[in-house]
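Biologist: I would like to learn how to read this model, feature by feature. Please give me the general idea each time, then the case at hand.

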Amino acid sequence: MRQASVAWHRDAGSADAERLETLLGQLSLDQAVGLAHGFAVFSLLANVAEDRAGQRRARLQTAEGGRPDTADGALARLEAAGRTRADARDLLAGALISPVLTAHPSEVRRKSVIDRIAAVSDLLDACDRNGSTCDLEARDAGLRRQATILWTTRLARQAGLKVQDEIDTVVSFLDSIFLHVAPAQLADWRKRLDAPDLQPFIRIGTWVGGDRDGNPNVDAGVLEAAFAAQSRAVLRFYLREVNALGAELSLSASLAQVSPELAALAQASGDTSPHRADEPYRRVLSRVYARLAATHPVLTGQPAPLAALFEAEPYAGPDAFRADLKVIHDSLVANHGAIFADDRLARLITAADIFGFHMATLDLRQNADVHERVVADLLRVAGVCPDYLALDEDARLGLLSAELASSRLLFNAWAAYEPETLKEREILMAAARVLARFGPQAIRTHIVSKTDAASDLLEVYLLLKEVGLYRPDQPEACPIQAAALFETIDDLRASRPTMERVLKEPSALAVARARGVQEVMIGYSDSNKDGSYLTSTWELHQASRALLEVVGEAGVRLQLFHGRGGAVGRGGGSSFAAVLGQPQGTVAGRIRVTEQGEVIANKYGEPEVARRNLDALTCGVLLASLAPPPDAELTRRHGATLDRLSAASMRAYRKLVYETDGFVDYFRAATPIAEIADLKIGSRPASRSTSTAIEDLRAIPWVFSWSQSRVMLPGWFGFGSAIEGIDADELRTLYRDWPFFRTLVQNMEMVMAKADMTIARRYASLVPDRALANRIFGEIVTEWERTEAAVLTITGQEALLGGQPELDRLIRLRMPYVEPLNHVQIELIRRRRAGDDDPRVREGILLALNGVAAGLRNSG
């Protein structure tokens, strides 16, 4: 099958290539399923090999120096720009760098599969660490064992995911990776910058359990369950570490001096064991363990996994836990020197600094339409306004401002409300309980999807007031900030006046000034689906610059939250390059970025890879903040050119997607969009409604469908038409001098290298109306040829990825093993749509979807 696939790809009209159609037609279902399973497993293991090679190259390049996405390379580049380590230290002292883990459904792998891949990686890691002493025979036996388990593990899910499944998956990454990597990274930066007291600047975030936009399964119980799961993982980590330290720190009072503070803690520990009578450190750690064990059921609802030796009062919060650890650490360092300065205890203190008892900051998110309906219901029942939804924006703002200034609550426990109103109130009441239990870092932001007016944010503060989180007499004390999410092209263009109006409101301005920042989220996915990759990227750039001005005029700093996905059509690509490509001044030490779907496992599935990605994000923030390229000048000189490019790209894209008769029918037939709905890879539906319109389809299945069919349309369509008539020399200059434009072109180049119009033509053959298929596929191919020529003209290369030979080689190596999966997928989709309802047909399709996604990697 692989050989026939290669021959067909080389010459679809040759006799050898005809074997492909014969083989496909003769496949039994067992053969088809087995073949899809085999190539999918191959792709998974090929990814491990590719990652391993990448890690070795990265280690070598790091050792040689010069990589700007490593600590040494970034600091060297800063020095060359006239910046000092003190500048870096000062910036990071007030920085916030936050990867935010979301459950968006583009991760097709089951957790069981991810665990097997991790086991394979662990075996290879162990051999890398041991070098020449590695027992190769034992390693190979272990690899064969894990490969056998993977080969016999079901790859596709049989049951749909629940939100708790997504919570458990995210918590597993937090527990196995971030709890270990983030403290080590902070410790390393403290050493490099000679800043032992540098506060944590990496803060891990999550949406899972708080993101209810379009997900009816997220409620108050789910929100509290998410925090219970996170807290359970972090407290058990602390308990294990304290137990290990107790076993280690056997210092006797007769042989070692201790600080008065430690002696006092030991005396008051409550540990009466005669075996530890002269071991003050152990006695204090026994008390710490007992207090943690008592905290565990309070925060998680479950007893500690290993009971304490005696009872103690629970910790009121992580600060008290950290204070006890600090007393132990200070005594060791004061009496025994620097050998205790950076040890297991120091790393535990750092972990407590970063993770507290909540582990990850959880964002709330809901659609603006829901908020306005809930507010309308509250106002109607309270007799304040009979029809809030009928008011214009000025009237809404006047009413909301008056209510936010009043201490009177709207909710009446004895009145009747819509179920949606009661559910939203319960969620916010749960948020208030979470904040009381875990502290202000637990929930910081409430994101408002589909923001298109200032009232959308004030409605959030009104709802927070109803549960006691916003107080009219102390608006600055509100622990949760309402943050707009601008998603569509129109929303991005309207972001300036919207935020200008928001920050004129005393309520929103008080919260922003108390925090020192106003967070704004910008969405890459829907803006791309709305208007093309080029237009989306440029409008995001322009909106970011406008928001910087607006927020600065209000006397606060801007904190942008980038809603990026894995695929280029959803803002994917190198995070380091993306940060460097941001408009000058918009980073300034603070950035939040979503890490979605398959990106989480790809970027944070292994400790070394996770560390490298956290460092790359840190280095990008340092360089973008302290040594930015001349973005403002380039925007001034070439902004008009980008405006023309963007307008032309959007026209070409919307003409195809939204104005071409039959396009929706073509899309639904020529991609596996219907079959993707069976993948059971998320807890929310693929569409926002029962409509088949592109406007109502979520961006993730939109991009995922085009990736599977190898068109990758959202990542490039419209660019070729856009540059017609634009001076080529100017475009080459932009590519050379402007990181924003260079990153845009390189990301597009990468996604085009994974596209394949020959394979895409076979998907087009699934369209029943041949005239429709030929017409629309012909338009796609014509634009593809224009775009490929445009990219080569701009880059000066003879072929795509000509300037990135390593990436080009990796893609070329894996494509012969992805293509058979595409062919099998097409054959089985054809059979299913012809009426074959055998469950094995569906299984084979889902396996092929898994395999193609694994082979393409950043496909969602």
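Biologist: How many bridges join strand β8 to β9?

Modeller: First, the ground rules. This is a predicted model, where local features need pLDDT of at least 70, side-chain atom pairs count only at pLDDT 80 or more, and totals for chains, interfaces and linings use all residues. Residues are numbered from 1 along each chain as its sequence is written, and side-chain values use heavy atoms, with hydrogens and water left out.

Modeller: Now the strands. Helices (H or I, at least four residues) and strands (E, at least two) are DSSP runs, numbered from the N terminus. Two strands pair if DSSP finds at least two bridges between them. Three bridges join β8 (residues 557–563) to β9, and the two run parallel. F561 stands opposite R592 in β9.

Biologist: Which way does β1 run relative to β9, parallel or antiparallel?

Modeller: Parallel, with seven bridges joining β1 (residues 96–102) to β9. I97 has I591 as its bridge partner in β9.

Biologist: How many residues of β9 are buried?

Modeller: Take the scale first. Buried means under 20% relative accessible area, exposed over 50%, and partly exposed in between (1.4 Å probe, protein chains only). In β9 (residues 590–596), seven of its seven residues are buried.

Biologist: Which residues of β9 lie on each side?

Modeller: In a regular strand the side chains alternate between the two faces of the sheet. In β9, one side carries R590, R592, T594 and Q596. I591, V593 and E595 are on the other. Both faces are covered.

Biologist: Where does the side chain of S98 reach?

Modeller: Think polar contact: a pair of N or O atoms within 3.5 Å. Within protein, one must be able to donate a hydrogen and the other to accept it, and residues adjacent in sequence count only if both atoms are side-chain atoms. S98 lies in strand β1. The side chain of S98 reaches the backbone oxygen of R203 at 2.7 Å. S98 counts as buried because its relative accessibility is 4%.

Biologist: What does R592 lie over?

Modeller: A charge sits over a ring if NZ of Lys or CZ of Arg is within 6 Å of the ring centre and within 35 degrees of the ring normal. R592 lies over the face of F561, at 4.3 Å from the ring centre. Another case is R425, whose charged end sits over the ring of F411, 3.6 Å from its centre.

Biologist: How many aromatic pairs are there?

Modeller: Rings of Phe, Tyr and Trp (its six-membered ring) pair if their centres lie within 6.5 Å; planes under 30 degrees apart count as stacked, over 60 as edge-to-face and the rest as tilted. By this rule the count is 21 aromatic pairs. One of them is F39 with Y817, tilted, at 6.4 Å centre to centre and 45 degrees between the planes. That pair links distant parts of the chain, 778 residues apart: F39 in helix α3 (residues 29–64) and Y817 in helix α35 (residues 805–833). F39 counts as buried, at 14% relative accessibility. Y817 is partly exposed, at 23% relative accessible area.

Modeller: Next, W702 and W706. Their ring centres are 5.8 Å apart and their planes are at 85 degrees, so the pair is edge-to-face. Both lie in helix α29 (residues 699–708), four residues apart, about one turn of the helix. W702 and W706 are both buried.

Biologist: Which rings link into a cluster?

Modeller: Ring pairs link F237, Y238, Y315, F321 and F357.

Biologist: How many residues does helix α34 have?

Modeller: The expected span of a helix is 1.5 Å times one less than its number of residues. Helix α34 (residues 770–795) has 26 residues. From first C-alpha to last it reaches 37 Å, close to the 38 Å expected. D769 caps the N-terminal end of α34, with a side-chain oxygen 3.1 Å from the backbone nitrogen of A771. Just after α34, G796 takes a positive phi of about 75 degrees.

Biologist: Which residues does a disulfide join?

Modeller: A disulfide is a pair of cysteine sulfur atoms within 2.5 Å. The structure holds one. It joins C127 to C134, S to S 1.5 Å. Both C127 and C134 are buried.
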